[in-house]
Amino acid sequence: MISVEEALKTILEGIRPLGLENIPITSALGCVIGEDIVSGRSIPPLANSSMDGYAVMAGDTAFASKEKPAVLDVLEDVPAGRVATQPIRKGQAIRIMTGAPLPEGANAVVRVEDTEADQKKVKIFVSVTPGFDIREAGEDVKTGELVVTKGTVLRAAEIGMLAALGRSYVAVHQRPVVAVVSTGDELVEVDEMPGPGKIVNSNSYSLAAMVLEAGAIPLQLGIARDNREDLLDKFRAAARADIIVSSGGVSVGDYDLVKDIMAEIGSRIQFWRVAMRPGRPLAFGRLEGKPLFGLPGNPVSSMVSFEQFIRPSILTMRGYRNIFRRAVRAEMTDGFSKKKGLKYFLRARVEYRDGKHYAAMTGEQGSGILKSMVLANGLIVLPEDVSAVKPGDEVAVQLLDSRLELTSEPHYL
């Protein structure tokens, strides 16, 4: 039996980012870009107005006020997407909309609310300086500028920038395909009514959902029965994936069958027990360099094991540098006693109030109680040398989702 840290090191030392593929930017959100993006154009390409108003020569407004406005001749209207047909000279103005290119000769914009106009004349009630309410050419991005760096996780902002630069496709690290197999004669499919001694195969669905959440592609291969032929067929089918995940069949009583099948398809076991709860019976090997995980059959055990080992593996393959969930320090609201020598992952509801995180366990912590995960948004992590915690103790909590970042009112109010 090895520690969680040793298991994680063994797993990750053989995993590398997958190769690159060109995909539409509409599908690239959350992907890791595999190329530097250098701008081939300036944004904006021309100086333009940042407000609706009048393009002017700033000197013409030098002494303008409400009491003594500057009166200029209006040459034309320039909406966004159009260009002025004539330059501005002293004593002249052009009505301009937000985003429209600045006419030749103009060096400032007077906002429409600071004017009064008819068809041919405009009264200017304020004095403006050169550059006022103008977006200069290249103010956002200059030609030749590095705007998105290789290795960046693409967010909405980067997608928008790629679009602005005319890049409809981008090279990103591929999303790994993760084969998911559930093993056991006791399992039935989700649409079947379980008979005596049978249970619904929920693991395939929770694991596939976790694969999707991590940005990978699940390949659900269904149920493998507890016989050599069926297990062999399923594992061979799974071999085409980038990561292979099975659940069930790795406890002491039935481990030999799975081990033999893994060996027969060319895999070798690197470890099969981890000093953690839930999730101690966890087998790990490699098949032609591809990671192969044999997770416990209990639903909580399989999900917790996925969080600790498979999710970081997926993110590594996707090219991520930050591959672990955020953790916080929180105050326990419950007491709990544990066995020394094992790292425990307790399902918890984490709340942030009065400048502090609080963690309350989600009820019974048995590895078969899936509701404990439904109610949880974090995992309390208790180290191997701890035997008990009491209310008020500070503990580490691994956050499972982003709901903690959402509040009913903005923080700045």
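View 1. In β25, Met 332 finds its bridge partner in Ala 359. This is a predicted model. Three bridges join β22 to β25, and these two strands run parallel. Strand β22 covers residues 327–332, and β28 covers residues 394–399. Five bridges hold this pair, and the strands run antiparallel. Look for Val 328: its bridge partner in β28 is Val 397. So which way does each pair run, parallel or antiparallel? β22 with β25 is parallel; β22 with β28 is antiparallel.

**View 2. Six strands make an open sheet.** Read across the sheet and the order is β7-β4-β6-β5-β9-β8. The pairing is mixed. Which strands stand at the edges? They are β7 (108–111) and β8 (115–117). Each has a single partner strand, so one side of each is left without a neighbour in the sheet. Neighbouring strands are turned against each other by 35° on average, direction ignored. In a regular strand, side chains alternate between the two faces of the sheet.

View 3. Strand β4 spans residues 53–56. Four bridges join β4 to β7. The two strands run antiparallel. Which residue of β7 stands opposite Tyr 54? It is Val 110.

**View 4. Helices α3 and α6 pack together.** Helix α3 holds residues 203–213, and helix α6 holds residues 299–317. Their axes are 10 Å apart and meet at an angle of about 25°. That angle makes α3 roughly parallel to α6. The crossing is right-handed. On the α3 side, the contact is made by Asn 203, Ser 206, Leu 207, Met 210 and Val 211. On the α6 side, the residues are Pro 299, Ser 302, Met 303, Phe 306, Glu 307 and Ile 314. What classes of residue build this contact? Seven are nonpolar, three are polar and one is charged.

**View 5. Helix α1 also packs on α6.** Helix α1 covers residues 4–12. The angle between α1 and α6 is about 30°, and their axes are 10 Å apart. That makes α1 roughly parallel to α6. This crossing is right-handed. From α1 come Val 4, Ala 7, Leu 8, Ile 11 and Leu 12. From α6 come Gln 308, Phe 309, Pro 312, Ser 313 and Thr 316. How many charged residues does the contact of α1 with α6 have? There are no charged residues; the contact has seven nonpolar and three polar ones.

**View 6. Two prolines follow cis peptide bonds.** The bond from Ile 43 to Pro 44 is cis, with omega near -5°. Where is Pro 44? Pro 44 lies in the loop between β2 (37–38) and β3 (48–49). The bond from Arg 277 to Pro 278 is cis as well, with omega near -5°. Pro 278 is in the loop between β19 (276–277) and β20 (283–287).

View 7. Glu 288 is not a glycine, yet its phi is positive, about 55°. Glu 288 lies in the loop between β20 and β21 (290–295). Is Glu 288 buried or exposed? Its relative accessibility is 71%, so Glu 288 counts as exposed. Now turn to Asp 354. Its phi is positive too, about 55°, although Asp 354 is not a glycine. Asp 354 sits in the loop between β24 (343–353) and β25 (356–361). At 77% relative accessibility, Asp 354 counts as exposed. The cut-off for exposed is over 50%.

View 8. The loop runs between α4 (228–238) and β17 (243–247). Ala 239 has 24% relative accessibility, so Ala 239 counts as partly exposed. Which residues does Ala 239 touch, not counting those up to four places away in sequence? They are Ile 244, Leu 287 and Lys 290. Compare Asp 185. Ala 239 and Asp 185 are 54 residues apart in sequence. In space they are 22 Å apart, C-alpha to C-alpha.

Terms used. Residues numbered from 1 in each chain as written. Predicted model: local features only at pLDDT ≥ 70, side-chain atom pairs only at ≥ 80, totals over all residues. Heavy atoms only, no water. Pairing = 2+ DSSP bridges. Axes fitted to C-alpha atoms, helices over the stretch in contact; angles between N-to-C directions. Parallel < 35°, antiparallel > 145°, perpendicular 65-115°, else oblique. Left-handed = near helix turned anticlockwise from the far one by under 90°. Contact = heavy atoms within 4.5 Å. Nonpolar A, V, L, I, M, F, W, Y, C, P; charged D, E, K, R; others polar. Buried < 20%, exposed > 50% of the residue type's maximum accessible area, 1.4 Å probe, protein only.
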